[in-house]
Amino acid sequence: MTRDPHVASLEVVAACAVFLVAIAALPRGKQRREDAVAAMQAVVLRVEEDGRTRTVRVPVPITIGRAPSATLVVPDAQVSRLHARIDLTDGQLSVRDLDSRNGTLVNARPIDGPVGLQDGDEIDVGTTRVVFCGVGPWK
C-alpha cells in the first residue's frame with residue numbers, strides 16, 4: 001500500500017510543531033538555574049514582631065504583607081496588604097518595596113528600587129523587622 005505524500009508531509013509538519021512548542025515551554029539558561037536554586041533551597045528569615053521572634057523558611061519569590069495571600073504574613077497595622085517582595089535575579093536575592101504606604105527600609109535606609117540582600121541584612125516593614133539569614137536547605 002502506497003502512502004499519500006501529502007499525509008506524510010503533514011505528519012512531519014505536525015511533529016515539528018509539537019517539538020517547537022515543547023522547546024519553547026522550557027526555561028532558558030539563567031532562569032533554569034534560578035528555578036533549580038529556588039527549588040532546592042529556602043530563604044531563611046527571622047521575623048521580629050511584637051516582642052516575639054520566629055524563624056521561617058520560604059520559597060522565592062516572597063511577598064511580605066498583611067494579606068492572607070502574602071508568602072510571609074505580617075499582622076502589623078503599619079504594613080500594607082502587599083508591602084515588599086524578595087526575588088531572585090541573576091542569582092542574587094533582592095528586596096523591593098511594592099509601593100507600600102509606609103515604605104520599606106533595608107539596614108535603616110529607605111529603598112526606592114531593588115536592593116541586593118546579604119546575610120544579616122535587616123528589612124523593616126512597619127514596626128516589624130525581618131532579618132535575612134541566608135539560603136538553606138528545606139529542613
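The model is predicted; local features need pLDDT of at least 70, side-chain atom pairs count only at pLDDT 80 or more, and totals for chains, interfaces and linings use all residues. Residues are numbered from 1 along each chain as its sequence is written, and side-chain values use heavy atoms, with hydrogens and water left out.

**Overall fold**
- The protein has two helices and eleven strands.
- Helices (H or I, at least four residues) and strands (E, at least two) are DSSP runs, numbered from the N terminus.
- From the N terminus, the order is α-α-β-β-β-β-β-β-β-β-β-β-β.
- Of the 139 residues, 32% are buried; buried means under 20% relative accessible area, exposed over 50%, with partly exposed in between (1.4 Å probe, protein chains only).
- Of the contacts (heavy atoms within 4.5 Å) with a separation of 6 or more, 38% link residues 24 or more positions apart.

**Nonpolar core**
- A nonpolar core is a set of buried Ala, Val, Leu, Ile, Met, Phe, Trp, Tyr and Cys residues joined through side-chain atoms within 4.5 Å.
- The largest one holds 22 residues; Leu 45, Ile 62, Ile 64, Leu 72, Ile 86, Val 95 and Ile 123 touch the most other members.
- At least two residues of this core come from each of β1 (41-49), β2 (52-58), β3 (62-65), β5 (84-89), β6 (92-97), β10 (122-125) and β11 (128-137).
- Beyond its neighbours within four places in sequence, Leu 72 contacts residues including Leu 45, Val 56, Ile 62, Ile 64 and Val 130.

**Thr 104**
- Thr 104 lies in strand β7 (residues 104-106).
- Thr 104 is buried, at 2% relative accessible area.
- Its side chain makes a polar contact with the side chain of Asp 97 (2.5 Å).
- A polar contact is a pair of N or O atoms within 3.5 Å; within protein, one must be able to donate a hydrogen and the other to accept it, and residues adjacent in sequence count only if both atoms are side-chain atoms.
- Leaving aside neighbours within four places in sequence, the contacts of Thr 104 include His 83, Arg 109, Ile 123 and Val 125.

**Backbone exceptions**
- Most residues other than glycine have a negative phi, and most peptide bonds are trans.
- A cis peptide bond joins Val 60 and Pro 61, with omega about 0 degrees.
- Pro 61 sits in the loop between β2 and β3.
- Asp 99, in the loop between β6 and β7, has a positive phi near 55 degrees.
- Asp 99 is exposed, at 76% relative accessibility.
- Ala 108 has a positive phi of about 70 degrees and lies in the loop between β7 and β8 (109-110).
- Ala 108 is exposed, at 60% relative accessibility.
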